[in-house]
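Please look over the following structure with its sequence beside it. The report below goes through it step by step, for a reader who is new to such descriptions.

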Protein chains: 2
Amino acid sequence: MSAESGLRMLVVDDEPQIRKALGINLRARGYEVELAATGEEGLRLAAEQPVDLALVDLGLPGIDGIEVVRGLRGWSEMPIIVLSVRESERDKVEALDAGADDYVTKPFGMGELLARIRAVTRRAAGRDEALPVVMAGELVIDLADRTVTAAARPVSLTPIEWRLLEVLARHPGKLVTQRQLLQQVWGPAYERESNYLRVHFANIRRKLEPVPAQPRHVITEPGIGYRFQL
Amino acid sequence: MSAESGLRMLVVDDEPQIRKALGINLRARGYEVELAATGEEGLRLAAEQPVDLALVDLGLPGIDGIEVVRGLRGWSEMPIIVLSVRESERDKVEALDAGADDYVTKPFGMGELLARIRAVTRRAAGRDEALPVVMAGELVIDLADRTVTAAARPVSLTPIEWRLLEVLARHPGKLVTQRQLLQQVWGPAYERESNYLRVHFANIRRKLEPVPAQPRHVITEPGIGYRFQL
DNA sequence: CGGAGGCGTCAAGAAGCCGATAAGGCCGCT
DNA sequence: AGCGGCCTTATCGGCTTCTTGACGCCTCCG
C-alpha cells in the first residue's frame, strides 16, 4: 500500500519538534505538507488553498484544537485526525463528535499514524472512483455508467460488444492486439478465435458508426488487432 | 448526534462478558446487534444478512480477527472497528491496512467506543447520501424517509423491494450488476440466485411503472444487471 | 497473373436469459 | 386456528445473443 503522492496535508501543532518530525516523515512518504503553529494559522492556510487531510493538536495557544476541527468541518469534509496528550474519554468523545475522524494520543508511533492516515484517506478517496468518459466525435462512452451514446442517442450493446469496446476505449488511440482482446473478453483458451472478433466488431460498427463500411473510430489494423480512434 | 436506530451491528469476540456488555450497551443506543463468538460465525452471520458495521476482536479461536476483516472487505465496504488487547504498532498497522477503519485497544471506555462508532458511521453514511431524494419523471424516491411515490400516489414496497430500488437509486443512471445487487441485499452467499432478481423486479415494476411491460426507469441490461434511468 | 490469407458480411442453429405465472412455505397478526 | 403478506422455488414461452460455417472481396506477394 504505497503512499499516494500529491496529497496536501495540514499539520497544526504548537510544539516545534513535533511539527518538524511530522513534516519530515510525511514528506518522505510523498505527501505535500503545510505546517502551522497555531489554530488561527492552520485555518488560514486551509482556507487559502484547500488541503486533503488535517492533523490537529488539541492543546494549542489561542483557539483550541477542537475549535479548529469545528472550523474546518464548517465548510469541508476533509479527513481530520486529532493528536493530543489528553487521554480522558471526555476529550476523545468531544473531538470525535466535533467531526474528527480519528483520535491519536501522544506519544504515538509514526507507523501507526501513517496507517491511520491511510485508513481515513482510503475511505475518503473511495468516494469519486476515477470515472473516465471517452469522447470521440459523436461518440460518448461512459465507462463508469456503462453507457454509450452515438449522436446523442443511447446505444444498447450486448455484453460481449461492450467488453470489446471497453478494452479499446480504456486505451484511446492505442493498438490492441487480437490476442489481448480475445484473452480479456473470452479468456486464455480462445486466443486463436479471431473470427469472433470480426463478427462482433461488425455488429459494433453497425450500431455506432455512421457509415459502418468506413469506420472512423473502431479501426482495424490488418493482421495485428484493433484500435479506438479519437 | 443521536444514534441512528435500525443500524445492524456485528460483534465478533470470544469473551462472553465482552459480548454481553457490548450487546447491552449497543442495544440501549438503538442499534440492532448480532453476536458471534468465532470468526467463522461472524462471517456466516454477515453473509446471511448484511450488517452496517462490524466490531471485530483480533484474538479469536480458529481464524484470526485479521482474516475476518479481510473476509468482510472482500465483498463489503462496511465500517469495521478492530478491538484488541494487542498494543504493538505492528498489529495496529496490519489491521488498519487490512481494511479496518479504526483500532481500539482493550480495555476501552464505552463512551469512547460509541464516539468512534459515530465517527465512522458518519463518514460511511455521508458517502452516497448526496442525493436523499431522487426524482425521475412521475417517480419520487426519498432515500431518507424510505418512501416512494408514483404519479403523486404513495407506493408501498416490501423490504426486499425497497432495498433493491435503493441500491439502484443511489447511483442514478449507473449500471449495477446482478452480483452487486445480490450481495448488497441478500449477502455474498446468494451471488448466483439471479432468479430472485427477476421475480422481485417484476413486482417492483408492477407497482411503480405505468406500463410494466415497457419499463422506463427500472431498466434491465441483459446478462449484466439493472439500471435506474432518470 | 494467380493464389493465399485476412477481413467483412450474412444466415442458421443452439444456447442462454428474461418475463410471467403460480404453487408452497414461513411468519406475524387477528 | 385461521388469514394474509412475503419470500422462495419451479416451469414455460419468447426473445436475444452467441457461435459456427459459408461466401465474396480485398491486398499482398510469389
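Which residue forms a salt bridge with Arg116(B)? The partner is Asp102(A), and the closest N and O atoms of the two are 2.7 Å apart; a salt bridge here is a side-chain nitrogen of Lys or Arg within 4 Å of a carboxyl oxygen of Asp or Glu. This pair crosses between chains, running from Arg116(B) in helix 5 of chain B to Asp102(A) in strand 5 (residues 102-105) of chain A. Helices (H or I, at least four residues) and strands (E, at least two) are DSSP runs, numbered from the N terminus. Arg116(B) is buried, with a relative accessible area of 4%, and Asp102(A) is also counted as buried, at 1%; buried means under 20% relative accessible area, exposed over 50%, and partly exposed in between (1.4 Å probe, protein chains only).

The structure is a predicted model, in which local features need pLDDT of at least 70 and side-chain atom pairs count only at pLDDT 80 or more, while totals for chains, interfaces and linings use all residues. Residues are numbered from 1 along each chain as its sequence is written, chains are lettered from A and ligands numbered from 1 in the order in which they are written, and side-chain values use heavy atoms, with hydrogens and water left out.

**Where the chains meet**

Contact (heavy atoms within 4.5 Å) links 34 residues of chain B with 33 residues of chain A. Between them the two chains bury about 2700 Å², of which 43% is on carbon and sulfur atoms; buried area is the accessible area (1.4 Å probe) that two parts lose on being put together, summed over both. Across this interface the rule finds eight salt bridges. Helix 4 (89-97), strand 5 (102-105) and helix 5 (110-128) of chain B each supply at least two residues of the side that touches chain A, and helix 5 of chain B gives the most, with twelve residues.

**Salt bridges**

Side chains of opposite charge can pair when their charged atoms come close. Over all chains, the count comes to 40 salt bridges, and the table sets out some of them.

| Pair | Closest N and O atoms |
|---|---|
| Asp101(A) and Arg123(B) | 2.5 Å |
| Arg8(A) and Glu34(A) | 3.5 Å |
| Arg44(B) and Glu48(B) | 3.0 Å |

Arg44(B) and Glu48(B) are separated by about one helical turn, because they are four residues apart in helix 2 (residues 39-48) of chain B. Arg44(B) is partly exposed, with a relative accessible area of 42%, and Glu48(B) likewise counts as partly exposed, at 43%. Salt bridges that share partners also join Lys92(A), Asp102(A), Glu112(A), Arg116(A), Lys92(B), Asp102(B), Glu112(B) and Arg116(B) into one network.

**A buried residue in chain B**

Leu53(B) is found in strand 3 (residues 53-57) of chain B, and this residue is buried, with a relative accessible area of 0%. Leaving aside residues up to four places away in sequence, Leu53(B) touches several others, including Leu10(B), Met78(B) and Ile117(B).
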